[in-house]
Amino acid sequence: MRYQTVTGSILLALTLTAPTMAGAQQQQFVTIGTGGVTGVYYPAGGAICRLVNQDRDEHGIRCSAESTGGSVFNLNAIRQGELDMGVVQSDWQYHSYHGTSQFEDQGAHEELRAVFSLHPEPLTLVVRPDSGIEGIEDLRGKRVNVGNPGSGQRATVDLMLDELGWSHDDFALASELPSREQAQALCDDRIDAFFFTVGHPSGSIQEPIATCDAELVSVEHEVIDELVADTPYYFHATIPAGMYPGQDEDVNTWGVGATFVSSTNTEADVVYEVVSAVFENFETFKGLHPAFDALNKEQMVEDGLSAPLHEGAKRYYEEAGLL
């Protein structure tokens, strides 16, 4: 089995810097689609833009990160030319490029391009302490937040349910709250559990643990073992004991990786500068969020990338000796 361990420390706040205008050089604006403000996608996009914008006077690129509905939304917006780049789950990068799963009706997005991978994202199950939920089989008849439509979280949960032979009807309630609302709903006793694909440590997980003694539950099943064995963009994952207060044991689950993508519609020089900003300031980038602690350049160039590398990214990696 393939295992990937998530490491990190207490969630840090990330503030975007506002660089000065780039003199007489014409500005080129690029927009990165991220996810909910409580997840890791939003600070990931913000971290990338912060590093790009600090050298705006030299390259003329102004970067902004937008909170969005998540992976599927970002991929659709990139396809439609509404976003230049986006943070997406590795599985939905694959499906978008190949025109499978939720993208079957749209067909393959052959212009989609990978840029680099980011942090692992275990599918995390958070439950109320009085819910009686000790494994996924206990979710039947419970009130479960499956995530908002358009999010990678929702798409991954629905895929898992399909593999299990379940549907939303197996739950007493299948709510569609966005990630920013699910912790409060759990503590208000409006739901019994929620799923979240997220890098750890995460403030959105720490919040309900601190507020209403929420607990993490392992997500294990033989069907999931088969899915991981048969699919290159899924992996087993462990959230180590001690990651959160009161978490005395390892939590075993499965998940995806966060990846950064663009399309052939974004100029190679622009993507080159974005990649350069991250990789030339790599230690600074890793320090901008605990979920980035375990990143290394070599893995970022290969892991979870199922679309071809963007020309601009490939050029940088060849010059840096990473390809």
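Predicted model: local features only at pLDDT ≥ 70, side-chain atom pairs only at ≥ 80, totals over all residues.
A pocket is taken here, on a 1 Å grid over the protein atoms alone, as an open set of points where a 1.4 Å probe fits, with protein on both sides within 12 Å along at least five of seven lines, and its lining residues have an atom within 4 Å of a point. Residues are numbered from 1 along each chain as its sequence is written, and side-chain values use heavy atoms, with hydrogens and water left out.

The protein averages a pLDDT of 90, and 92% of the residues score at least 70. Over residues 7-24, however, pLDDT stays under 50.

The second largest pocket is lined by 21 residues, among which E215, L216, V217, G246 and V251 lie nearest its centre. Strand 9 (residues 215-217) supplies the largest share of this lining, namely three residues, a strand being a DSSP run of E with at least two residues and a helix a run of H or I with at least four, both numbered from the N terminus.

Q93 lies in helix 4 (residues 90-98) and, because its relative accessibility is 0%, counts as buried (under 20% relative accessible area, with a 1.4 Å probe and protein chains only). A polar atom of the Q93 side chain lies 3.0 Å from the backbone nitrogen of A307.

Conventions
Buried < 20%, exposed > 50% of the residue type's maximum accessible area, 1.4 Å probe, protein only. Polar contact = N/O pair within 3.5 Å; in protein donor to acceptor, adjacent residues only side chain to side chain. pLDDT = per-residue confidence, 0-100. Contact = heavy atoms within 4.5 Å.
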